[in-house]
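Please consider the structure shown below. The paragraphs that follow go from single residues to the chain as a whole and then to its surface.

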Amino acid sequence: LGYQRRVVITAGICERKGREDFISVFKYSDWTLMCNFKINTDDMDSSKVINDAILVCDTHLVPQYFVYDFEGSCLTKVVLYQNKLGVKCLSVSSSEQFAALGCYDGKCKLLNSVTWSVLKEWKHTAEAATKNTIIYVEEPSESGSRFKIKEGTENVDLPYVKANHDDPYLLVGIGLAEFSTSGRYLATRCDATPSVVWVWDKQDLSLISLLIHKAPGV
């Protein structure tokens, strides 16, 4: 689940018992169980320790997340939207000030760890590119692959893939979200365009770069 550095506490185990989800909180120094509590998810999918709290995302079928303190009190519950699939991936910045939720609605949602609200939603469409966006397009050559640089104002053809009807959810939503070491940048992948990496600048909340590969590689 995660590790909280400043208070030396580990929220160590998530478990499901009798169709209910529970979290156990341990003291890191001697692994003493400090608390075990039930959470209000239908079927928890993912969770992370961030600052002095635990961020919990519900099952893919329910678009909501919860925040609990280490004593088991629910600090907030947020329903992202209605009648759609929920969160597909979860990532936390190194500073633990922000979290990113990759969702099945094709957007990545940036949360802050003070109010736990959504600061920004990023759509993964060609219209997200601005004049400040640098686009790298991989092109094959005799000496090997190379990247051609385009400006964000140029027309960009994103390489969409056809949906797999045997698994219709495979190519839907944001399947990857990872912060840079500094926490300033966030790289995402929309599974409908699996050969494209989107790089967002958290400082001005914009798309700073697109890396368009010939084939999926992440």
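Cys89 lies in strand E9, which spans residues 87–92, in a model that is predicted. Its relative accessible area is 13%, and Cys89 is therefore classed as buried, the cut-off being under 20%. Leaving aside residues up to four places away in sequence, Cys89 makes contact with Ala100, Leu101 and Gly102, and also with Ile174, Gly175, Leu176 and Ala177.

A disulfide is a covalent bond between the sulfur atoms of two cysteines. The closest cysteine sulfur to that of Cys89 belongs to Cys108 and is 6.6 Å away, so the pair is too far apart for a bond; the criterion requires sulfur atoms within 2.5 Å. By this rule, the number of disulfides is zero. Another cysteine, Cys74, has a relative accessibility of 37% and is therefore counted as partly exposed.

Beyond residues up to four places away in sequence, Leu119 touches Phe98, Leu110 and Asn112. The C-alpha atom of Leu119 is 7.4 Å from that of Lys109, and these residues are 10 apart along the chain.

How many helices and strands are there in the chain? The chain has zero helices and 18 strands. Of its 218 residues, 45% are buried. When contacts between residues at least 6 apart in sequence are considered, 38% of them link residues at least 24 apart. The accessible surface amounts to about 11,700 Å², and carbon and sulfur atoms account for 50% of this area.

The last topic is empty space. Rolling a probe the size of a water molecule over the atoms shows where empty space is left. The largest pocket has a volume of about 150 Å³. Its lining includes Val137, Glu138 and Lys150, the residues Asn155, Val156, Asp157 and Pro159, and also Ser195, Ile212, His213 and Lys214. Sorted by class, the lining of the largest pocket comprises four nonpolar, three polar and four charged residues.

Conventions
Residues numbered from 1 in each chain as written. Predicted model: local features only at pLDDT ≥ 70, side-chain atom pairs only at ≥ 80, totals over all residues. Heavy atoms only, no water. 1 Å grid on protein atoms, 1.4 Å probe; cavity = no way out; pocket = protein on both sides within 12 Å on 5 of 7 lines; lining within 4 Å. Points joined across faces, edges and corners; volume = space filled by probe spheres on them. Nonpolar A, V, L, I, M, F, W, Y, C, P; charged D, E, K, R; others polar. Contact = heavy atoms within 4.5 Å. Helix = DSSP H or I, 4+ residues; strand = E, 2+ residues; numbered from the N terminus. Buried < 20%, exposed > 50% of the residue type's maximum accessible area, 1.4 Å probe, protein only. Areas by Shrake-Rupley, 256 points an atom, 1.4 Å probe, with all protein chains shown as cover.
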